[in-house]
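Here is a quick tour of a protein model, written for someone who likes to check things against the coordinates. Have the viewer open and follow along.

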Amino acid sequence: VYGAGFSLSSMVGDVMELARGGARLAAGEPGPFQLASVVEAVRAIVQPIAVEKGLTLDVHVPLPEARVGHAAGIHRVLLNLVGNALKFTPSGRVTIRVEQLDGDRVGFTVADTGRGIPSHVLAQLFHTFRPRAEEQEAAFSSAGLGLAICRKLVDAMGGTLTVESAEGAGTRFAFALTLPRAPHLPDLAAPVAPAVAPGPR
């Protein structure tokens, strides 16, 4: 309950910051954190949704060492992407994968076996606002804010959020960030703090 409430408060802050232009979505100095802990916090929030829908939630994070970056920003992006994936996947699985790329680059992917995104929706998926879909079609991110915030957050952290999808074949979101190895671990018992000043996420 605490984790979900904390994430909702953070989301309100992001929406307010987006209305101001989004320049401070990933404000503040990056700090040390453990990738597995951030992904586990996301899994803990969304696991009940997966169980209720009978979906498999696969998590692959084979990177045990601490990294330096914006943990709260990564948490919010993954939570939004995984939440959308579970929402639009009627059967099968949703996969969260974190992997080491070249140097200090770390890749993140969220893939599902859902119905996929129609091409005409894909073209405007990251728009802040877009016309409401017709009744028989999917509105993939409510008012269009969720994925717009995700893209701006990833941009602010130095990456690019991309999407691949085909109707009936699922969807895959991906981004990569430069996350140097940290000299020490933070207090992993502490909650992930918001990356922006108080105000709507």
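How many bridges join strand β6 (residues 162-165) to β7, and do they run parallel or antiparallel? Four bridges join them, and the two strands run antiparallel. Keep in mind that this is a predicted model.

## The chain at a glance

The protein chain has five helices and seven strands. Going along the sequence, they come in the pattern α-β-α-β-β-α-β-β-α-α-β-β. The chain has 201 residues, and 43% of them count as buried.

If you take the contacts with a separation of 6 or more, 75% of them are between residues 24 or more positions apart. As for the surface, the chain exposes about 9800 Å², with carbon and sulfur atoms supplying 57% of that.

## The five-stranded sheet

Five strands make an open sheet in the order β2-β4-β5-β7-β6, and the pairing is mixed. Its edge strands are β2 (56-60) and β6, each of which pairs on one side only. On average, neighbouring strands in this sheet are turned by 10 degrees against each other, direction ignored.

The parallel side of the story includes β2 and strand β4 (residues 93-100), which are joined by five bridges. Within that pair, leucine 57 sits opposite valine 94 of β4. Two helices pack on the sheet. Helix α2 (residues 35-53) touches β2, β4 and β5, and its direction makes about 180 degrees with that of β2. Helix α3 (residues 71-87) touches β2, β4, β5 and β7, and its direction makes about 20 degrees with that of β5.

## Strand β7 and its partners

Why is strand β7 (residues 171-178) described as largely enclosed by the rest of the structure? Because six of its eight residues are buried. Strand β5 (residues 105-112) is joined to β7 by eight bridges, and these two run antiparallel. In that pair, phenylalanine 108 has phenylalanine 175 of β7 as its bridge partner.

β6 and β7 form a hairpin with five residues between them, and glycine 168 in the turn has a positive phi of about 80 degrees.

## The nonpolar core

The largest nonpolar core holds 40 residues, and the ones with the most contacts inside it are Ile74, Leu81, Val82, Phe108 and Phe175. The elements giving two or more residues to this core are α2, α3, β4, β5, α5 (145-156) and β7. Helix α3 provides the largest share, with nine residues.

Two of those names are worth a click. Leaving out residues up to four places away in sequence, phenylalanine 108 touches a list that includes Leu35, Ile74, Leu78, Val98, Phe173, Phe175 and Leu177. Arg97 is also among the residues that phenylalanine 108 touches. Leucine 81 is in helix α3 and counts as buried because its relative accessible area is 1%, below the 20% cut-off. Beyond neighbours within four places in sequence, leucine 81 contacts Val110, Leu147, Cys150, Leu161, Phe173 and Phe175.

Phenylalanine 126 is in the loop between α4 (119-122) and α5. Setting aside neighbours within four places in sequence, phenylalanine 126 contacts Leu147, Ala148, Arg151, Leu161, Val163 and Phe173. From phenylalanine 126 to leucine 161, the C-alpha to C-alpha distance is 9.6 Å, and the two are 35 residues apart in sequence.

Glutamine 34 belongs to strand β1 (residues 31-34). Glutamine 34 has a relative accessibility of 16%, so it counts as buried. A polar atom of the glutamine 34 side chain lies 2.9 Å from the backbone oxygen of proline 64.

Note on methods:
Residues numbered from 1 in each chain as written. Predicted model: local features only at pLDDT ≥ 70, side-chain atom pairs only at ≥ 80, totals over all residues. Heavy atoms only, no water. Buried < 20%, exposed > 50% of the residue type's maximum accessible area, 1.4 Å probe, protein only. Polar contact = N/O pair within 3.5 Å; in protein donor to acceptor, adjacent residues only side chain to side chain. Contact = heavy atoms within 4.5 Å. Areas by Shrake-Rupley, 256 points an atom, 1.4 Å probe, with all protein chains shown as cover. Pairing = 2+ DSSP bridges. Axes fitted to C-alpha atoms, helices over the stretch in contact; angles between N-to-C directions. Core = buried A, V, L, I, M, F, W, Y, C linked by side-chain atoms within 4.5 Å.
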